Amino acid sequence: MSIPPLRQRSAWKSLETHHVEVGSRHLRDLFAEDPTRGERMHVEAEGIYLDYSKNRLTDETLRLLLELAEESGVARRRDQMMAGEHINVSEDRAVLHVALRMPKDAQLIVDGRDVIPEVHAELEHMSRFATQIRSGEWKGYRGKPIRNVVNVGIGGSDLGPVMAYEALRHYCQRDLTFRFVSNVDASDLVEAISDLDADETLFIISSKTFTTIETLTNARSARAWLVEQIGTEEAIARHFVAVSTNHEAVAAFGIDTANMFSFWDWVGGRYSMDSAIGLSTMIALGPTYFAELLAGFHAMDEHFRLAPFERNLPVLMGMIAVWNRNFLGCASVGVMPYEQYLKRLPAYLQQLTMESNGKHVTIDGDHVDYQTGPLYWGEPGTNGQHSFYQLLHQGTSVVPVDLIGFAKSLNPLTDHHDILSSNVFAQAEALAFGKTDDQVRAEGTPEHVIAHRVMEGNRPTNVLLAEVLTPRLLGSLIALYEHSVFTQGVVWGIDSFDQWGVELGKVLATRIIPELDTNFEPELTHDSSTNALIRHYRTLKRKED
Ligand code: F6P
């Protein structure tokens with residue numbers, strides 16, 4: 001049965017009418033009318049408690065949003081994804097990151113082959129290697145054990161590994177040093193390796209395609225550094241491994257494919273942290289914690305697959321995001337982890353959300369006549385409070401915020417953690433309820449300052465609360481966001497698994513590289529601005545120091 005375009009779906013039309021009635025209602029009134037709202041409007045799964053009561057919606061809004069999810073075919077699409085159908089239409093691929101975390105005894109046939117044995121064979125391959133590195137059994141070319149691991153990759157081949165390493169540092173082997181190089185700016189590589197002993201250093205070249213110019217440029221320079229330090233190309237085999245889907249390109253680069261870890265084209269870059277792309281994570285954590293991370297992902301996958309929509313964490317989060325984006329008109333979403341170890345989570349989620357749902361055509365290629373993915377950004381609390389939260393509280397744009405907190409610190413120290421956590425609750429409260437002019441006046445504020453101190457409130461938040469950050473919890477949290485992004489993408493009717501928008505910039509940059517050569521200086525045929533910028537760059541480059 002075909003699904004009508006979004007604006008013609010009956011639930012969407014009902015939501016439009018409903019929005020006229022409730023869209024401008026204040027959270028103060030919604031809470032005053034229903035004192036149990038805060039207790040009712042929550043859902044909990046896999047150790048994650050989501051309080052969504054401080055969103056600008058009513059029970060009726062939720063009912064209609066879930067109706068929209070049904071009418072948009074979220075369940076069908078989810079089942080198609082999990083069955084390995086080619087739901088990445090523009091690239092004609094299955095989308096099966098869920099297979100990466102399925103247990104060994106599961107079965108999943110994709111294009112006529114059960115992929116689960118391959119997934120577990122690769123996990124065992126990673127496990128053997130990680131154990132050899134961690135124990136010091138794997139020796140460098142001159143016999144020293146590896147103590148430094150440098151992951152070289154970009155986008156999904158970097159953000160997942162670095163986020164997971166930072167997030168789970170508490171659980172990592174402390175006598176190993178991890179560095180992550182992504183930017184083609186040489187300073188990234190130079191700063192990452194200049195204090196390392198090459199004899200003790202392993203480079204993991206992570207690239208799904210093994211054609212990404214940033215990664216290959218960094219990998220070539222890393223190889224040159226290692227060969228220079230150790231004095232022979234023979235050292236490469238003990239100090240370089242690759243993670244990729246592209247065996248030929250890995251071999252052409254000079255890495256023995258015996259030192260290669262594989263994954264499959266049905267794993268998107270931004271969904272790959274639990275594939276072999278997570279090799280650095282497994283070396284840092286060890287196979288047991290890595291298995292717990294995967295178990296956390298899988299548990300949330302199962303929740304997404306089985307829970308009824310009204311208790312389904314990713315569906316609820318996804319549909320509330322649709323409400324905020326399409327009906328309240330919020331163009332940006334903030335994510336603020338009140339957990340220092342999650343400091344790279346916002347960057348990770350930026351790729352996950354924006355590369356997935358930053359699309360302007362539907363799967364059928366029609367231009368959308370509604371908004372799709374919002375801007376996504378964030379910083380750990382409480383730092384953000386002392387910089388940009390001012391705009392969240394009193395700016396002219398409404399920015400919904402996800403506040404992520406934990407009941408226990410991994411580093412309990414005096415009263416730090418309660419001070420930190422008090423801010424999670426206080427910020428959600430302040431954003432929702434603000435401060436009226438009567439309240440400000442009652443505090444004895446001089447009349448001319450009152451307007452400045454009034455806070456309108458009515459700013460939506462999701463509060464996500466868990467006991468403590470563990471590998472399992474991190475897996476569930478990431479899977480929650482993955483499936484929330486999926487849910488939004490299905491409603492918007494877009495392909496959340498391609499990323500054609502990044503291609504043009506790559507092509508143009510490739511054309512410009514030779515034009516920056518000051519010895520050659522070819523004629524320029526760009527627009528007048530680009531030509532002028534390139535000429536000015538050449539002039540600056542030619543200047544004597
Ligand atoms: O340019 C975007 C992108 O294709 C991402 O989707 C991907 O995660 C990243 O580049 C890196 O790609 P690769 O792993 O193939 O080097």
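**Figure 1. Ring pairs join Trp 12, Trp 323, Phe 327 and Tyr 370 into a cluster.** The model is predicted: local features need pLDDT of at least 70 and side-chain atom pairs pLDDT 80 or more, while totals for chains, interfaces and linings use all residues. Residues are numbered from 1 along each chain as its sequence is written, and side-chain values use heavy atoms, with hydrogens and water left out. Over the whole structure, 18 aromatic pairs are found. Rings of Phe, Tyr and Trp (its six-membered ring) pair if their centres lie within 6.5 Å; planes under 30 degrees apart count as stacked, over 60 as edge-to-face and the rest as tilted. The pair of Trp 12 and Tyr 370 is tilted, because the ring centres are 6.3 Å apart and the planes stand at 55°. Trp 12 belongs to helix α1 (residues 10–22) and Tyr 370 to the loop between α15 (345–357) and β11 (375–377), so that the pair links parts of the chain 358 residues apart. Helices (H or I, at least four residues) and strands (E, at least two) are DSSP runs, numbered from the N terminus. Trp 12 is buried at a relative accessible area of 2%, and Tyr 370 is buried at 11%. Buried means under 20% relative accessible area, exposed over 50%, and partly exposed in between (1.4 Å probe, protein chains only).

**Figure 2. Phe 203 and Phe 240 form a stacked pair.** Their ring centres lie 5.0 Å apart, with the planes at 20°. Phe 203 is in strand β7 (residues 201–206) and Phe 240 in strand β8 (residues 240–244), 37 residues apart. Both Phe 203 and Phe 240 are buried.

**Figure 3. Arginine charges sit over the rings of Phe 253 and Trp 138.** The charged end of Arg 223 is 4.3 Å from the ring centre of Phe 253. Arg 238 lies over the face of Trp 138, 3.9 Å from the ring centre. A charge sits over a ring if NZ of Lys or CZ of Arg is within 6 Å of the ring centre and within 35 degrees of the ring normal.

**Figure 4. The largest pocket has a volume of about 1,000 Å³.** A pocket is an open set of points on a 1 Å grid over the protein atoms alone, where a 1.4 Å probe fits, with protein on both sides within 12 Å along at least five of seven lines; lining residues have an atom within 4 Å of a point. Grid points are joined across faces, edges and corners, and the volume is the space filled by probe spheres set on them. The lining has 41 residues, and those closest to the pocket centre are Thr 212, Gln 499, Val 502, Glu 503 and Lys 506. Two or more lining residues come from each of α9 (213–230), α15 and α21 (503–512). By class, 14 lining residues are nonpolar, 18 polar and nine charged. Ala, Val, Leu, Ile, Met, Phe, Trp, Tyr, Cys and Pro count as nonpolar, Asp, Glu, Lys and Arg as charged, and the others, Gly among them, as polar.

**Figure 5. The second largest pocket holds about 620 Å³ of space.** Of its 34 lining residues, Ile 3, Arg 9, Ile 363, Asp 364 and Gly 493 are the closest to the centre. Helices α5 (74–82) and α20 (471–492) each give two or more residues to this lining, and α20 gives the most, with four.
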